[in-house]
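Student: Could you walk me through this one? I'd like to start with the helices and then move to the aromatic side chains.

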Amino acid sequence: CSNPSNENQSSNKTSPASKYVEYVWHSAEENFNAENLAILISKWNKIIDGYDCDMDGANILTPTEKRDNHDFTWVLKWPSVDARNSCWETWTNDYAADWDETIKGIMSYDPKNAFMFEVEVGRIPKEENTSGSFINTFYFCKYNDGNDVNTLNAYRADLAKIDSFSKNHWYVMLNPTFDTGEDGPDFVWLDLWGNDEDKNSDMSMW
């Protein structure tokens, strides 16, 4: 988002990213549909607003290709680890059991399949995306032999010189706060766009 009185001054722009983002895998059950999901989102928001949960926001990601381990992801944005832990503790103790009954037959989730990352902003969008939806792409990255964060930063510096990407494009680096295992990524590169058209144009340019 930009300061409306200084729209053309990049120094006044603020990143739309939170310090931490958490991805909670969900499975669709037999009664899952857009209408029931909308009802559950409304109920969930009322629960979260009803207790002291310091959350920056939430959204839902639906994969464009079917996944074996989840159908969609409920994304939680946090200002700090302490805020996340406090909110989850209250949820688990006071609300989780009733919520499981509320969502029964519509969707399901396992708190063990919740993965939080620390967010490092790489590019701020030129303009705020106000459409209510977005497109994103995840790259799960490992350093090649002889390369490290310094190599990565050199590449990112070159990338920052390109100013012709679409107005809503931005990217962040996601650093895992959990053990990804021997074959897991060193980091995740997340690109975001306002729509598929901008994504395809930017990818062609890149």
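Student: What is the handedness of the crossing of helix 1 and helix 2?
Tutor: The crossing of helix 1 and helix 2 is right-handed, where right-handed means that the near helix is turned clockwise from the far one by less than a right angle, and left-handed anticlockwise. Helices here are DSSP runs of H or I with at least four residues, strands are E runs of at least two, and both are numbered from the N terminus.

Student: Is this a predicted model, or what is it?
Tutor: It is a predicted model, in which local features need pLDDT of at least 70 and side-chain atom pairs count only at pLDDT 80 or more, while totals for chains, interfaces and linings use all residues. Residues are numbered from 1 along each chain as its sequence is written, and side-chain values use heavy atoms, with hydrogens and water left out.

Student: At what angle do helix 1 and helix 2 pack?
Tutor: Helix 1 (residues 34–49) and helix 2 (residues 81–103) pack at about 165°, with their axes 12 Å apart; the axes are lines fitted to C-alpha atoms over the stretch in contact, and angles run from 0 to 180 degrees between N-to-C directions. The two helices are therefore roughly antiparallel to each other, a label for angles over 145 degrees.

Student: Which residues meet there?
Tutor: On the helix 1 side Leu40, Lys43, Trp44, Ile47 and Ile48 meet Trp91, Tyr95, Trp99, Thr102 and Ile103 of helix 2, contact meaning heavy atoms within 4.5 Å.

Student: Changing topic, how many aromatic pairs are there?
Tutor: The count comes to 14 aromatic pairs, under a rule that pairs rings of Phe, Tyr and Trp (its six-membered ring) if their centres lie within 6.5 Å, with planes under 30 degrees apart counted as stacked, over 60 as edge-to-face and the rest as tilted. One of them joins Trp91 and Trp99, whose ring centres are 5.8 Å apart with planes at 65°, so the pair is edge-to-face.

Student: Are Trp91 and Trp99 buried or exposed?
Tutor: Trp91 is buried at 7% relative accessible area, and Trp99 is buried at 3%; buried means under 20%, exposed over 50% and partly exposed in between, with a 1.4 Å probe and protein chains only.

Student: And what about Phe117 and Phe178?
Tutor: Phe117 and Phe178 form an edge-to-face pair, 5.3 Å centre to centre with 80° between the planes. Phe117 lies in strand 4 and Phe178 in the loop between strand 6 (170–176) and strand 7 (187–193), 61 residues apart. Phe117 is buried at 8%, whereas Phe178 is partly exposed at 30%.

Notes. Angles under 35 degrees count as roughly parallel, over 145 as roughly antiparallel, 65 to 115 as roughly perpendicular and the rest as oblique.
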